[in-house]
Amino acid sequence: MPAKSELPQGTLDLLILKVVAIGPVHGYAIAQCLEQVSRGVVQVPQGSLYPALHRLENRGLLAADWKHTETGREAKFYQLTRKGRKQLETEAADWQRLIDAVGLILGMTEGGAQ
Amino acid sequence: MNWWQRLWRRKTMESQLEKEIRFHLDAHAAQLIAQGHSPEEAQRQARLALGGPEQVKEQCRDARGTRWLQDFLQDIRYAIRTLRKQPAFAVVALMTLALGTGVTTIMFTVVSGVLLKPLPYPHPDRLVAVHGHTDDWNAVFYGEQNVAYPDFLDCQREIHSLEMAGFLFDGGIVSAPGEPEYVNLREASSDLFSVLGVSLSQGRGFLPEEDRSGGTPVVILSYRFWQRRFPGDTHVIGQSLILDQKSYTVVGVAPENFRLDGEEGDVFTPLGQYTGAFLQMRRAHPIRVVGRLRPDVNLSKAQLELTVFARHLAEQFPDTNAGRSLVAAPLRADVSDVRSTLWLLLGAVTLVLLIACANVASLLLARAVSRERELAMRVALGAGRGRLVRQCLTESAVLGLSGGILGVLLASAGIRPFVAFWPGILPRAEEIHLDWRVLLFAAVISLLSGVFFGLAPALRAPSRDVERILRAGARSVSGGSRRLHSSFVVAEIALAVVLLVAAGMLGRTLLRLSSLDPGVNTRNVLVTRAALSAAVLANPAQIRAAWQDILDHARRVPGVLSVAAVDTIPLREGNNPLAYWTTPVAPPPQQQPFALATTVTPDYLQVMGIPLLRGRFFDDHDRLGNEPVIVIDEVMAQHAFGTQDPVGKRLWLPGTYSPFSAGKEAPDAVRVVGVVGHVRYWGLATDDQAQVRAQYYYPFAQVPDPLLHRWSELMSIAVRTGIPPLHTLGPLRQAVRGATGGASGDQALYEVHTMEQLASDSLSRQRFLLLLFGVFAASALLLACIGIYGVLAYLTNQRVPEIGLRMALGATAREVISLVLRQSLAMIFIGVGVGLFAALAAARLLQHLVDGMSPAEPSTFALMISILVGAALLASFLPARRASRIDPIAALRQD
């Protein structure tokens, strides 16, 4: 198992928004999903997940509802609000631009001065 | 969900949070069990992965954003609980604060009502006063002057930027209905009430056609006069009133508390109907003018128009108007008499408040130190430092606000007695109320003082060294805390020094001033203004006879020894400074000396007990037609003639203003026939610094006919009695009514004083200040002593083990006492040192603001400071003695 990297600052919110965009989902499912999708490369501390969810709900990016799971237990399900979807789009685009820029710089160093 | 709902649905949110976290743990555990872990192990791993359910919950609560408010409410509940648990501390702190904020609020209420509030007319910021101004001696002695009636009428017609009204202060006798009574009469132009924006409580204002000579005689009553003379009569409009033997019809009643220039007045009549000849002269300036800026006009535009118009008048009437300008200024209440006193007192109570704060701060600090371990424990359990500081501040703010509320209650009870206690008349007293400004002020000062005294203890909330504090015994005091404690005591002592020295200076000043000789014998002298009947005022010969008759009648009243008529009475309001010179040719105006001119009848010297130093005083030969004579006082003799004998010398008076001739060009030559003692005309406190101290007297019998009418309106009679002077007042009133002209029933005495009363009143401000400063200084002394006692008791208590150890090692009780006293002496001396500098500055301020203030003498400082040091040492002796009685064994076992 490779050493896990720390999650870059500010990206947790983006990841949560992306996961929740799939559909109404509860906290534990989000945690699992993050772990599986990131293939264990990125360490998502479960402890910081809930404060982040509450913060996003507080900012109106997420809406929450109490529903029953398949096992019949009541859980808090989160979903994106319209504001949240917009935020996700801009943040994802920002992130993509950053990656492109960083990639470009790295490629430039490898290829030497052109 | 908004923050409000989040706050109030806290319970629901808490249970949901709990449920959510539990669900997560259960789901994770279930998965782990499915992977083959034992249930216990699964639970443990799930908990580990989450990282402590309680911490997560706490972070979620933080994420909600209403945290501060919840904490705040919690802190308030906590603060109230802590205060209730320590009733002795709470009572002392609250009383101290209530006292401090209470007196400060009282003083601010007065300052706000008298100095800060705008005038009680609608849109007061649009009102202006219009004054005349000249660059000669008039400006020096009288400042802003009034306006000539013809000038006023021209302005009213020609000036477009202002709506103007004028009025004249006057007096008269109302003889029916009811007893004859002297009334304060205001002749007012017809638009006075509309310019001020005031509507009458009954009836109407004057009509323009009534505001000219020959108009229907109509009168408006002041509210109070209406209540007094027509009690309960709601049909007063249309009734008639006999004023100065003329019948007037009542057309209106002014609203309650309506004031002109701060005075209520009794009756108003139309200005245009006034018959005095001087009203038509541009040379005389009797009219006070107020104006209201018309819409879209500002003050500078109005001023410009007035300036241009005054220049135009000066060209048109060079004799009377040359060099005379018109000045518009925002209309303000004249409170110059009390302004400095009020600010001084507000400053003094602020010092008291600061001492109270320092006191409570040291109490709180002592408590904070003994709670250090509790706070350290809370830091160890995860409380943030900011959170603890906030909690401490909330506690002191709760304390400050509760003290403030008590203080406001105190102020609301104390404000009326305080105003009643004010010496003389406090201008605008009717506008002093506990209103929103005052409440705002009280809220701000109690919060500020809460933060002020809470800050030091709050900042002590432990940040690091938690471990050391927890390990150290409860009874160790760090050097920092001791310094902080001492600095509060030092501050209290320094502030107390300022107040004590101020009180000491005032006391000395009052002692010195009261022992001064006023220059007149004030015992058994009654002075009262006398109004002649309107029937005799028309004829100069009758006026002379009427005065003679009044004096003759008064002299026959039992108990009366001698009587004189006089225009200006020393120590009372009213004076008449006039230029004089010693050569026939007048020196340039800037170099002309001035003296106070007083007209008297021959017995004046005897009545007032003024010593005759040289020559003679007036007799019956000094009358119209004989050589004009004056008698000068020793100050004027010194100024005008130096060491030469003034008797028989001549002096020249400016013809325009000379009381011997009426308005001619050439100066009057007068002969000095005597020299008398100086009278402290301006009052015991003020006379030494007065601008004009020289005095001369001239015979009433030599006042020329044209001036006699005006002079008569100003005259008083002075009576020396062999019995208590006020006992002669009743018979005197009868005698005056029985004299010539009194038959018509409209001759009256008013403004009655005894000279003793006037002399005492001339020091009333100093006496009042001394009393208040004395009270403030005493409270400061008491508070400072309580502060020293509290701090030393606390510090000594913290040192019990150390002292016990010293005693076990052989220290005697005496040594222990001196150990504690040394500690307090150090604080006292630093406090006194700092206070000395502040007191010197305060002394300078007092000398500037209070008339007749003696300079700060070292002996005053020495006396007041030794009182303070003595009291402070006494306060420190109690804890010192207690320390000396510590049982060493018990003390060493204690920890």
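In which order do three strands of chain A form an open sheet, and is the pairing parallel or antiparallel? Before the answer, a word on the model itself: it is predicted, so that local features need pLDDT of at least 70 and side-chain atom pairs count only at pLDDT 80 or more, while totals for chains, interfaces and linings use all residues. Residues are numbered from 1 along each chain as its sequence is written, and chains are lettered from A and ligands numbered from 1 in the order in which they are written.

Chain A contains four helices and five strands, where helices (H or I, at least four residues) and strands (E, at least two) are DSSP runs numbered from the N terminus. Along the sequence these elements follow the pattern β-α-β-α-β-α-β-β-α. The open sheet has the order β2-β5-β4, and its pairing is antiparallel; two strands are said to pair if DSSP finds at least two bridges between them. At the edges stand β2 (25-26) and β4 (62-68) of chain A, each of which pairs on one side only. Between β4(A) and β5 (residues 74-80) of chain A there are seven bridges in the antiparallel sense, and A:Ala63 stands opposite A:Gln79 in β5(A). In general, strands of a sheet pair through backbone hydrogen bonds.

Of the 114 residues in chain A, 25% are buried, a term that requires 20 or more other C-beta atoms, placed from the backbone, within 10 Å of the residue's own.

Chain A also meets chain B: 13 residues of chain A are in contact with 17 residues of chain B, contact meaning that the C-beta atoms of two residues, placed from the backbone, lie within 7 Å. On the side of chain A that touches chain B, α2 (27-37), α3 (46-58) and β5 of chain A each supply at least two residues, and the largest share, seven residues, comes from α3(A).

Within chain B, the axes of helix α19 (residues 540-555) and helix α23 (residues 729-738) come within 9 Å and cross at roughly 145°; such axes are lines fitted to C-alpha atoms, for helices over the stretch in contact, and angles run from 0 to 180 degrees between N-to-C directions. Here B:Ile550, B:His553 and B:Ala554 in α19(B) meet B:Leu732, B:Ala735, B:Val736 and B:Gly738 in α23(B). By class, this contact has five nonpolar, two polar and no charged residues, where Ala, Val, Leu, Ile, Met, Phe, Trp, Tyr, Cys and Pro count as nonpolar, Asp, Glu, Lys and Arg as charged, and the others, Gly among them, as polar.

How values were computed. Buried ≥ 20, exposed ≤ 12 C-beta atoms within 10 Å, placed from the backbone.
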